[in-house]
Amino acid sequence: MDLSPRHISPDHFSGRGRLVLRNARCPAALFAETLPPVLSCDADGAVLVDLVLDGDVVAAVVPTGSGMADRILDLDGRHIWPLLVDAHTHLDKGHIIGRAPDSGGTHAGARDATDTDRRTHWQRDDLLRRMEFGLGCAESHGVAAIRTHLDSHEGQAETSWAAFADLRDRWANRIALQGVALVPLDCYRGDYGRQLADLVASHGGLLGGVTRASGGEHGQGLDDLDALLDTLFRLAGERDLDVDLHVDEAARSGALLHVADATLRHGFEGRVACGHCCSLSLLSEDEAANVIACVASAGIAIISLPTVNMYLQDRADAVTPRWRGVTAVKELQAAGIRVAVAGDNCRDPFYAYGDHDMLDTWRQAVRILHLDHPYGDAAGLAGPVPAGIMGLEAGAIGPGRQADLMILEAWTLDQVIARPHADRLIIRAGRAAAHRPPSYRALGIEFR
């Protein structure tokens, strides 16, 4: 039965039987396997294929016109993408904008405002309500997996990690979740550092932190950074935990080079991710090349958070910002380093906007980072690359993989980028998903 391409109805996707999605267009960077030579890319780096769905999985990816089944749905060249992956978020901070004190839009102000809100409100029910709201937004937009950093200060960590564990269990078949401890690095000194590492290990999380001291302004006061990193990596190694750090976000500092050295010193190659790394873009060409070479040797993955960093960086009263707030993505990629983009904060003092929508994050990243003309493998920064960083089979289309897809009313990548695609059709396990973003009333928070 041939189905009309004029309207792609959710009714076509029941999650049962075989269905061929004919003339499906997808960026080559979003496939799990190398495509056969017979499939040639268009000017955007995308290919036309037939996707053969068998129940809840993709049974085959074949040249267009060759897929066979009783039901054939012609997508007429529309873009079809896998569900995307957000490898750096802060679900526990989310959706407190308006409740927390005004931050002034600065990094220091955001930190202080969040600290105040945490001490006042972050009990289990509040965390669960806001984190669940964030997951509901992400689900409606087609996010397959999230890695969230969790503020893990003494007196807060047990509550936040228990709430996260509850959510991870409840959402196990909807969004894959990973947790990372977030504290200033000096918090790992002494008894609390060991206690926190044990807590994280009991939840199957990652050790992480910010390369600044408690109360240190923009990364200052870290004369003993190498010693602090040694403590962190020793705790992680003893518990076989990977590491994910916030590095050089708001400072013109050089912590990334220290992290690379520590990664090599402790044999953690391929097990470390660093978010932000903004000051790398301010170095001279020779200095940046040296740091990038060390990062490549250490196998560190880099996660850029362009929307949040452009919101925070270089903000001052009556001054137009000069600092773009992104890392050297193209240079890192050229060195063979895995680079992803992610959403970071959402409607909190660190970023007043957002809706946990990775397609929107990717669209903005392409424009901010100039990942176009040509697009090349830019799409991979929101799919298979972050999935690989998280060690998950997600964010890509391939035979044997779950049929987690989104269909867009777009035929070219400029069309994908031009519109927000509120009408995207989300398919999870071969079945059309009817989820809509939750109402803000669900937050149950009184705002100013």
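## Packing of helices H3 and H4

In this predicted model, helices H3 and H4 are roughly parallel to each other, because their packing angle of about 10 degrees falls under 35 degrees. Helix H3 covers residues 157–170 and helix H4 residues 190–202, and their axes lie 11 Å apart.

The H3 side of this contact includes Ala157, Glu158 and Trp161. These residues meet Tyr192, Leu196, Leu199 and Val200 of H4. Sorted by class, the contact of H3 with H4 comprises 6 nonpolar residues, no polar residues and 1 charged residue.

## The parallel sheet E7-E8-E9

Three strands form an open sheet in the order E7-E8-E9, with parallel pairing. Strand E7 (84–89) and strand E9 (176–182) are the edge strands, each of which pairs on one side only. On average, neighbouring strands of this sheet are turned by 10 degrees against each other, direction ignored.

Strand E8 (residues 143–151) is joined to E9 by 7 bridges, and the two strands run parallel. Within this pairing, His149 stands opposite Val180 in E9. Helix H2 (residues 124–141) packs on the sheet and touches both E8 and E9. The direction of H2 makes about 155 degrees with that of E8.

Strand E12 (residues 272–276) is mostly covered, with 5 of its 5 residues buried. Strand E11 (residues 243–247) is joined to E12 by 5 bridges in a parallel arrangement. Leu245 has Cys274 in E12 as its bridge partner.

E12 also pairs with strand E13 (residues 301–304), in the parallel sense and over 3 bridges. For Ala273, the bridge partner in E13 is Ala301. Between E12 and E13 the chain passes through helix H7 (residues 285–298), and this β-α-β crossover is right-handed.

E6 and strand E15 (residues 405–408) run antiparallel and are joined by 4 bridges.

How values were computed: Residues are numbered from 1 along each chain as its sequence is written. This is a predicted model: local features need pLDDT of at least 70, side-chain atom pairs count only at pLDDT 80 or more; totals for chains, interfaces and linings use all residues. Side-chain values use heavy atoms; hydrogens and water are left out. Axes are lines fitted to C-alpha atoms, for helices over the stretch in contact, and angles run from 0 to 180 degrees between N-to-C directions. Angles under 35 degrees count as roughly parallel, over 145 as roughly antiparallel, 65 to 115 as roughly perpendicular and the rest as oblique. Contact means heavy atoms within 4.5 Å. Ala, Val, Leu, Ile, Met, Phe, Trp, Tyr, Cys and Pro count as nonpolar, Asp, Glu, Lys and Arg as charged, and the others, Gly among them, as polar. Two strands pair if DSSP finds at least two bridges between them. Buried means under 20% relative accessible area, exposed over 50%, partly exposed in between (1.4 Å probe, protein chains only). A crossover is right-handed if, with the strands pointing away from the viewer, the path from the first strand over the helix to the second runs clockwise.
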